[in-house]
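Have the model open beside you as you read.

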Amino acid sequence: MADTIRLRVVTPTRLLLDEEVDEVTAPGALGEFGVLPNHISFLSLLEPGEISYKQGTAKRYLAVSGGYAEVLDNVMTVLAPAAEFAAEIDTGRAQRARERAERQIAEVNREEKEFRVAEAALHRALVRLQVAGKEAGR
């Protein structure tokens with residue numbers, strides 16, 4: 001039996017992470033889920049949110065913009081349009097994106113496509129700020 005699971009996080013521009021970890025928590029389309037060593041194989045859509053993982057006593061955080069997660073043979077592979085470590089997040093940029101999305105939401109009719117686009121942008125900005133705040137709180 002394995003004591004760890006390999007976590008790989010891949011975006012179109014880079015391999016962000018490829019490490020052995022003790023456990024992973026991710027934002028699935030049907031709710032948050034956890035993965036431990038020897039987990040059953042599965043595939044899930046990911047919502048924009050926070051991925052956390054533990055290595056010994058250390059806990060790290062990533063912001064992910066959605067994508068897919070596959071667990072197979074003690075490897076969890078995350079394919080995401082965008083992902084970043086908490087320390088990489090430009091909080092000023094994320095705050096400006098939040099403010100911009102909030103303005104758009106206030107100006108657009110709820111029935112218009114632009115409203116859903118602005119809501120998604122707001123959610124991504126809030127996730128990035130939340131994850132960045134966890135790194136700052138260390």
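## Ground rules

A residue is called buried under 20% relative accessible area, exposed over 50%, and partly exposed in between (1.4 Å probe, protein chains only). This is a predicted model, in which local features need pLDDT of at least 70 and side-chain atom pairs count only at pLDDT 80 or more, while totals for chains, interfaces and linings use all residues. Residues are numbered from 1 along each chain as its sequence is written, and side-chain values use heavy atoms, with hydrogens and water left out.

Helices (H or I, at least four residues) and strands (E, at least two) are DSSP runs, numbered from the N terminus.

## Salt bridges across the chain

Side chains of opposite charge can pair when their charged atoms come close. A salt bridge here is a side-chain nitrogen of Lys or Arg within 4 Å of a carboxyl oxygen of Asp or Glu, and the structure holds 7 salt bridges. One of them joins Arg 6 to Asp 18, with the closest N and O atoms 2.7 Å apart. Arg 6 lies in strand β1 and Asp 18 in strand β2, so this pair ties together parts that are 12 residues apart in sequence. Arg 6 is partly exposed at 23% relative accessible area, and Asp 18 is partly exposed at 33%. Both belong to a network of salt bridges that links Arg 6, Arg 8, Asp 18 and Glu 20.

Arg 14 and Glu 88 also meet in a salt bridge, at 2.7 Å from N to O. Their pairing links distant parts of the chain, 74 residues apart: Arg 14 sits in the loop between β1 and β2, and Glu 88 in the loop between β10 (83-85) and α1. With a relative accessible area of 32%, Arg 14 is partly exposed; Glu 88, at 36%, is partly exposed too.

## Helix α1

Which side chain meets Arg 98 in a salt bridge? The partner is Glu 102, at 3.2 Å from N to O. Glu 102 is partly exposed at 35%, and Arg 98 is partly exposed at 28%.

Arg 103 is also in helix α1 (residues 91-107) and, at 47% relative accessibility, counts as partly exposed. Together with Arg 93, Arg 96 and Arg 100, Arg 103 forms a positive surface patch. Patches are made of residues with over 30% relative accessible area and no salt bridge; like charges are joined within 9 Å, and nonpolar side chains (Val, Leu, Ile, Met, Phe, Trp, Tyr) within 5 Å. Lys and Arg count as positive and Asp and Glu as negative, with His and the chain ends not counted. Each charge is placed at NZ of Lys, CZ of Arg, CG of Asp or CD of Glu.

## A nonpolar patch

Leu 43, Leu 45, Tyr 68 and Leu 79 form a nonpolar surface patch with about 440 Å² of accessible area together. Areas come from the Shrake-Rupley method with a 1.4 Å probe; for residues, only the protein chains shown count as cover. Tyr 68 belongs to strand β8 (residues 67-72) and is partly exposed at 47% relative accessibility.

## Two buried threonines

Thr 11, in the loop between β1 (5-10) and β2 (15-21), is buried at 9% relative accessibility. Not counting residues up to four places away in sequence, Thr 11 touches Ala 80, Pro 81, Ala 82 and Ala 83; contact means heavy atoms within 4.5 Å.

Thr 25, in strand β3 (residues 23-28), is buried at 18%. Leaving aside neighbours within four places in sequence, Thr 25 is in contact with residues including Glu 32, Phe 33, Glu 50 and Ile 51.
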